[in-house]
Amino acid sequence: MRVLLVLLLIVAVGYGVALQFVPASIERNANKVTVHEPYTISTAAQELHKKLLIGDFHADSTLWRRDLLERSDRGHVDIPRMREGNVAIQMFTSVTKSPRGQNYHSNSTDASDNITLLAAAQAWPISTLTSLTARALYQAEKLHDLEDRAPEEFQLILNKKQLNRFLAMRQAGERVVAGLIGTEGSHALDGDLANIEVLYDAGFRMMSLQHFFDNKLGGSLHGESGAGLTEFGVNAVKLMLEQGIMIDVSHSAPQVVVDVLAISNKPLIVSHTGLNGHCESDRNISDELMQEIAAAGGIIGIGFWDGAVCDTAPANIVKALRYGIELVGVKHIALGSDYDGSVETQFDISEIDILTHEMLKAGFTELEIKRVMGQNMVEFLQKNLP
């Protein structure tokens, strides 16, 4: 018995050590910031940046084993770094299924799922190993816990009233930051329409329909079918709209986007993307479809990683923003970083003032900068939250 207890103790200690180091090692490899000298920000950019209300439509930070109330030396986003970068609002998206290699060209629905392995490595609850809904709920719980532990630092926004209260606090000079909860693909429904209400009740206010795989709702931009909305997908979209959930068509096949535009009575979000005319990529749908989304009142979040913008230099991201403004109009372009989404960027959220600097340098007006950096996102939320 004594030998067995010793062996169990050794296993427990070994597991504890692995849990301390393995998740951190995985994330350091997944969410890199390119090594660079500190950026030099002009005085004019610094002064303007301080006055901006900044928002971002997409970060996968809840996927990783980090306390977002603490400043980390890995990944891209946490609350202290949001405050350092003067970022007010972050949409946190829950990833539930993702293929090895994240191939943009084609993925079989039977392809291996990295999130199962990541959940096990990070000691997520047993339920998350088999249920994609449980994975989404577990990530949402992390954000509710942040608010419970430090409401003076972080608040969740679930409706217009809470958004307006938060904006008033920021206007009064309080440095609290806010988060919203979204899904990275409706794999999170586990094929059950009843889970739309379950996720809504847990705080989800934006749902994307696909991720890297075709699913029960329809085709993925990176799947095999290229199909549009299924009957289940049509019913899911209608229920989301009735519930007051904003719909994100990032990663959706073009035909899905067309089908959603045909039945939606509310504007759509493309939470993280590039523009194909600026960066020809399997990750980016056509410019013509982006124009249709914008014409229906939609908003497009420009990403910071190579698959979206081809070149991740801040000056090139600014070129993507300019291209978007010229393509669809200044009121329809926002930020959609894809921070912490297994991507490498050239700046984390604390350094986002480099975009303000580069936009001024490129001749953007102050109004254009204000709109792209957050005003468009805030106005969209004011119109479309419950």
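Modeller: Helices (H or I, at least four residues) and strands (E, at least two) are DSSP runs, numbered from the N terminus. This is a predicted model, where local features need pLDDT of at least 70, side-chain atom pairs count only at pLDDT 80 or more, and totals for chains, interfaces and linings use all residues. Residues are numbered from 1 along each chain as its sequence is written, and side-chain values use heavy atoms, with hydrogens and water left out.

Colleague: Where does Thr 312 lie?
Modeller: Thr 312 sits in the loop between helix H11 (306-309) and helix H12 (314-328).

Colleague: Why is Thr 312 called buried?
Modeller: Buried means under 20% relative accessible area (exposed is over 50%, partly exposed in between, with a 1.4 Å probe and protein chains only). Thr 312 has 13%, so it counts as buried.

Colleague: What makes the pair Thr 312 and Gln 346 a polar contact?
Modeller: The term needs a pair of N or O atoms within 3.5 Å; within protein, one must be able to donate a hydrogen and the other to accept it, and residues adjacent in sequence count only if both atoms are side-chain atoms. The side chains of Thr 312 and Gln 346 make such a contact at 3.0 Å.

Colleague: What makes strand E1 (residues 54-59) largely enclosed?
Modeller: Six of its six residues are buried, so the rest of the structure largely encloses E1.

Colleague: How many bridges join E1 to strand E2 (residues 87-95)?
Modeller: Four, and the two strands run parallel; pairing asks for at least two bridges found by DSSP.
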